[in-house]
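I opened a new notebook page for this structure. Sequence and model come first, then my entries.

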Amino acid sequence: MTIDPTSDGPSPTATVLELRGARKTFGAVVALSSGSVRLRAGEINALVGENGAGKSTMVKILAGVHQPDSGDFLFDGHPIVFRSPAESKAAGVSVIYQEPTLFPDLTVAENIFVGRQPTTRLGFIDRAAMRADARALFDRLGVPIDPDRVAEGLSIADQQIIEIAKAISLDAKVLIMDEPTAALSGVEVERLFGVARALRDRGSAIMFISHRFDEVFGLSDRITVMRDGAFISEHTTSEVSTPEIVRAMVGRDVDQLFPKQEARVGDTVVRVDGLTRAGVFHDVSFEVRAGEIVGLAGLVGAGRTEVARALFGIDRYDAGSVTIGGRRLAPRDPMASIRAGIGFVPEDRRKQGLVMDMSVSRNTTLTLRTTLSRLGLVSARREREAAADWSRRLQVKTGSQELPVSTLSGGNQQKVVLAKWLATDPTFLIVDEPTRGIDVGTKSEVHRLISDLAGRGIAVLMISSELPEVLGMADRVLVMREGRLTATFDRDDATPETVINAATGAEPAHTTTTTETRR
Amino acid sequence: MTTSHALAPALGTGRSPFASLVRQREVPVASALVVLVIVTTIANPLFVSAQGVKDLMLNATITVIMAVGLGTVIITNNIDLSVGSILGLVAFGTGSVFAAAPDIPIVFVFAIGLALGALLGAINGFLVTVARVPSLVITLGMLYIYRGVNNAWAGGQQYFAGDRPAAFGRLSVDTVLGVPIITVIAIVVVVLVAVFLARTRPGRDLYAIGSDDEAARLFGIPVSKRVLTAFVLNGTLTGLAGVLYASRFNSVGATTGTGLELDIVAAAVVGGIAIFGGSGSVVGAAIGAVLLTTITSSLTALNVDKFWQQAIVGVLILTAILVERIASIRKARRLRTSEATNA
Amino acid sequence: MPEQTTTPSAAGSAIDPRRASSASRDTAGASGTAGDRDAARRDPESAAERTLRRRRLLTGRGAIMIYALLGTLLVCALTVPRFASVQTTGFLLLDAIPILMIAMPMALVIITGEIDLSVASTAGLTSAAMGVLWAAGWGIPEIFVVCVLIGIGCGALNGLLVTAIGLPSLAVTIGTLALYRGLALVVIGDNAVADFPPALTSFFTSKIGATGIPTAMIGVAVIIAFFGVLLHFSSFGRTLPAIGFSKEAASFVGVHVGRAKFWMFVATGVVSALVGIYWTLRYSSARSDNATGIELAVIAAVLLGGVSIFGGRGSIPGVVAGVLIISSVSYALRLGGISDVVLNVVTGLLLVGSVVTPSLIAVVREKRRARRAARDVLAASAADAA
C-alpha cells in the first residue's frame, strides 16, 4: 500500500524539500517512526492524518524547531540540517501557523520587513520604498491591505496573508501552512486559496495540513497520508477519492488491545442540556451514566475540550445547564464542581494538569488540601502519607516524592494527575487526551486504570483524538464537529469510518461510488 | 487569481485619517493637558502669561528628558528604577567638576555628564541582558548602589548656585524665542529620540522586542544588543538631565533625585507607554511629563491646595492604565465577535 | 485478548477511590504480604525519603539565609565593638520592625506573582489620619479602628484593580503609591502632630525586661507567626505558591486565584496600616511623609530572603532572615562609625548578587547543554551521511 516516495509523479517537477524515513523520539515517546514527504516546486501537497499521526512533528522538523534522530533530509537534492528555525528560514522555508502573531505596534509593512527594513542612505527607514514593496507584494497576491496600517486589530485572516507576504518577500521556496483555515470564514478561505494557487503558479512548493476534505481536495495537487507516525502513501489528488484517503488514514485493525471490562451501567450521573457558548459550541446535550465510558471524538477545533472546560467551570457558557447527581451545577466555579464530585484531567499536562515546579507530593495532594486539613491547617506528614499512598497505588515511578514533578516521565506525570483527581473520590471523571505523549507501556496502564474506574461505578467522559483509544474504550461514542454534536454511536456501531466521517463531514463511503464531484 | 480579487474586501483601508489620528495613544494625555491648561487659564489668566509659560517649560524640562529615556526602556518591556540615583550622581558630579575647574568649557561638562550617565546605564544594561534577571530587581539594587556611591562621594557636601559659572546657570534663564535654552535642549531630545524610535531599524526593533522578544530573536533581531542600547540611551539622557538639573536648581548634594524614579515611570505610563512594553511613544511620555509637572503650577494658579497634587497624579496614573486596559478589551472583543459571526 | 476481568492488576484493585482520604486504612497498593502491608501502614515514608526531605529542608534557600544571618551577626559581634549588647538588640529591632512587618504579607503577594509598591503610602496615610483624628480629640481605640479600616480600604482598592479589572499590579501600585501619599498630604498637609499620650509612645519604645527586645516585638512575632503558619501550614496558604508558579493549574484544582490575590493585597494594606500606627507612636509624630521609601527596602529584603520575583518560591523564615541581615549590617555600620551610606551599597550589592548569581549559573549551564546538544546532532547527521 505504500507508494515509493522516491519515484516522481506523473509530471517530473523539481523536488525542493524532501524528508525520507525521518524518525523522532522524545524520551520514550516515538513521535515519528518513519516520516516522509516530498515537496515539489509548483505543487501543493496536502498532508493528512489523524491527530497523533506525526504531522506537527514533521512540520517542526521542516521548520527547524526539531532535528530528526535519523532519516534523510534533502534540500534541492542535497542533505541538509536545520539547527534552528532561523536556519530553516534562511534556506527559504516559511511556516504559517494557525495563530500568526504580528507585532501589534508595528505597521503591516514593518511587520513584513521586520529586522530588514529598507533604509535610505542616512540610515533611516525608507518608508516610501517599504510601502511600495509591500504594495507590490499584496498586488502579487491579489489582496489589498493598507501597508501603513498598524497591525493591531487585524483579523487572523489578514494576519495570515501578511505572513505569506512576508514569506514571499523572503524568497521562500517552500511555504508550509499548518491548519491555516481553522480560524477563517468561507470568504477568507477562498482568498487564502487564491493566494496559495498564485504562489504555486509562480513555482513555490507548498504544503498544507488540513482536516477538511473539501479543502484538501479543492486546493491540493497531491495528498500525502500519514498514520501512527509513519508515511503511508502519496496520491495525486485528481486520481483518488475521499474514501480511499480515509481508509489510508485509519486503515488498521482496531484490535482490542484494551482491557475494557464489561461494566454494569447504572443511572445517569451527569446530564448536559443545550450547552452553548457563542462562537465556540452550540446546543450540546448528552448524559453519562455510572460505570459508563463515553468517548468524545472529533477533530482538533471541534470544540470538545471547550465543552469539557465549560462543564467543569473553567470557562463560561452562555446557555444550557449541567446537572450532576440530580442537582444543577453552578457555572464558572471549579470548586463547586469538585465538591459535586467532578474531576478533570486536562489536555495540557504541563500547563494545566500539574504545577511543574512543585514536588510530586504537593501536586498529588493539591486537591486534598481541604480534606486533609483540620482547623484550616494541613499536617505536612498527612500530606506526605497521602501522596506516597497514591503514588504507590498508581505505581508512579519517581526518585523521590519531593522532586519537582517536571523530572518525571510523561506517563508518570499523567499518573500523578490521575492520582490527584482520584483522591477526591469523584463520581464523574473527565479525561482529556489521557494518553497523549505517553509511552506505550504506561498507555495501557492508564487505560486499565480508566477501565477499572468505570468498573467501580464512576462515570467517565473521555475526550480523545486517537481513534483506536476511543473505539477500544468507549461504551458510547459522541462525535463533535465545528461546535456541534453530530453523531452518537453505540459501541457496536462505532467504526473508524463512521466516526471519521461524522468528524469531518465527509460523505459516508457507502452512499456513492464515484465521489469525486468535488472539483 | 481574478476571483480572489473580486471577492476580497478592501481591508485596512476605508479608515479615515481622522479616526486613526484619534486612536493614537497620545491623544488622551494631550487632551488632558489641553483641558487642564484651558481650565486653569479661564480661572486665572496669569497662568499663560509670558512668565507663567516660561516657568511651566522650565519645570517640565528635566522630567521630559528623563521620561523620554525611561520610556524607551519600558518599550522593550524592561524598567530602570535607578534613574533618580543616576541623576543625583551626575548632578553632584557636575557641581564637583565646576568646583574643581571653574573655567572648564561648558560643553566638556555636558560631555562628562552624558558619559557618566551612559556608563551607569550600560552597567544596568549588561546586568539585565547577561544575567537574564528581571530588570525590576536589578535596577532596584542599582538604585541602592548608585545612591550609596552618591552619598559616599558627597557626604554632607552640597554645591549651590554660587558654585557654578554664571553662564551655566543662565542656561535655565535665557531664552530663545521665548523658550528657555534648557527646554530647547529637551525639545531637541524628544524629536531626536522620537525619530529614532519611529524611523530607524534599531528603533522599530525595540517595539518588536517589547511585544515578543522570542519572536524578535527569531526574526534575526539582536535582542541583547538592542536592549543594551536602550539602557545606555536612558542612562545618557538621565545624565543630560542631571547636568541640566545642576543648572536649574540651587543646590545639589547627596539626596538629589531621591524618589524621582516613580514620578518618571508615572509620566511615561500616563503618556501612553504600556508597562509591559511594545507600544506607546516617547512623544506621549513627554506630554505625560509636561502634564504631571503642569499640575503643580495649575493647582497653585487655581488656588487649590497644593497638597492635592500627589493625589491627582495618582488618579491620573490609575486612569491611564484603566483606559488602556478597557481599550484593549474592547479591541479583543471586536476581533472575536467578527470571527465568530463569520465562522 | 485480555478483555475480561481476570486477575485485577495491582493498580486496578488498589485504586478504590472510596478509600482515598484515609491513608491510615491503606492496604498497601502493591500486592504484598500482610506483614509488608502492616509495615507500610506504620511507616509509609521510606528512610531514604526522609533523609532527602531533611536534607532539602536544611539546605533550602530559607535555611541558607538563616545561616547567613547567624554568620552576619557573628561577624558583626566580633568586629564591631558594642554590637553584642542589649542596647543593640533594642535599637536594631525597633528600626527593623516596620520592614519586618510589611515584609510578611509582601512575601505572600510576590509569591502569588504580584507586587505592591503602595505599602509605604498606606502607612503614611494612616499616620496622617492618626494625627488629624487625635488633634480633633478622638479616642485612641476609635483611631485604631479607623486606621485598620484605612488599611483594608487601600488594600482592597489595589486588589480590585488587579483581580477584578485585570490591571498589572506594578502599574496599579505605582498609581496608588502616589494616590495614597497624596491623600495623606490632603489629610494632614504640612503639619505634624506630636502630642500623643506619653504612656502610649513610651510603650512602643519600651523593652521586655532586661533582654533589650522591644515590647512591640511581641505583636510583630504574632504577625510573623500568623503569616508563617498561613503560608506553610494552612490549606489556603499552600495554594499560593501554586498560583505563583501556574495560575492555570491552580484554577484547575478549584483555587479561586482572583480571590486569593485580592486578600493578599488586603493583608498588605492592613499590615501597612499597623506600621503607620507603630511609626507614629514610636517617633511620636504624625506626618504625611512618614515611612516614605520603605517599600523598596521591604522588597529588597524579601527578594534577598529567597522569594523569587517570578512567583512561587519563598519562605517566611528566609524573609525574616533577609530583613534582619540588612538591619544588622545597617546597625553595625552605624555603630562602627562607618557612614550608613555604605549600607545602601551593601543592600544593593546583596540584592543584585543574590539574584544574579543563580541566574548566571543557570545561563552558563544552559549554554553548555545547548552546545553539547548541537554537537550531538551534528555527530548524528554526520554518522547518517557516512
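**Ground rules.** I am working with a predicted model, where local features need pLDDT of at least 70, side-chain atom pairs count only at pLDDT 80 or more, and totals for chains, interfaces and linings use all residues. Residues are numbered from 1 along each chain as its sequence is written, while chains are lettered from A and ligands numbered from 1 in the order in which they are written.

**Helix α4 of chain C.** I looked up residues 61–79, a helix of 19 residues. Helices here are DSSP runs (H or I, at least four residues), numbered from the N terminus. From first C-alpha to last, α4(C) reaches 26 Å, close to the 27 Å expected at 1.5 Å a residue. That expected span is 1.5 Å times one less than the number of residues.

I then checked burial. A residue is buried if 20 or more other C-beta atoms, placed from the backbone, lie within 10 Å of its own, and exposed if 12 or fewer do. C:G62, C:M65, C:I66, C:L69 and C:C76 are buried in α4(C). Seen down the axis, they fall within an arc of 105 degrees (by directions from the helix axis to the C-beta atoms), so they line one face of α4(C). The face turned away carries exposed residues, including C:Y67 and C:L74.

**Domains of chain A.** I noted domain 1 (15–102 + 154–250), domain 2 (253–341 + 426–511) and domain 3 (355–425). The bounds come from an automatic or database domain assignment. The centres of domains 1 and 2 of chain A, taken over C-alpha atoms, are 30 Å apart.

Methods
Helices (H or I, at least four residues) and strands (E, at least two) are DSSP runs, numbered from the N terminus.
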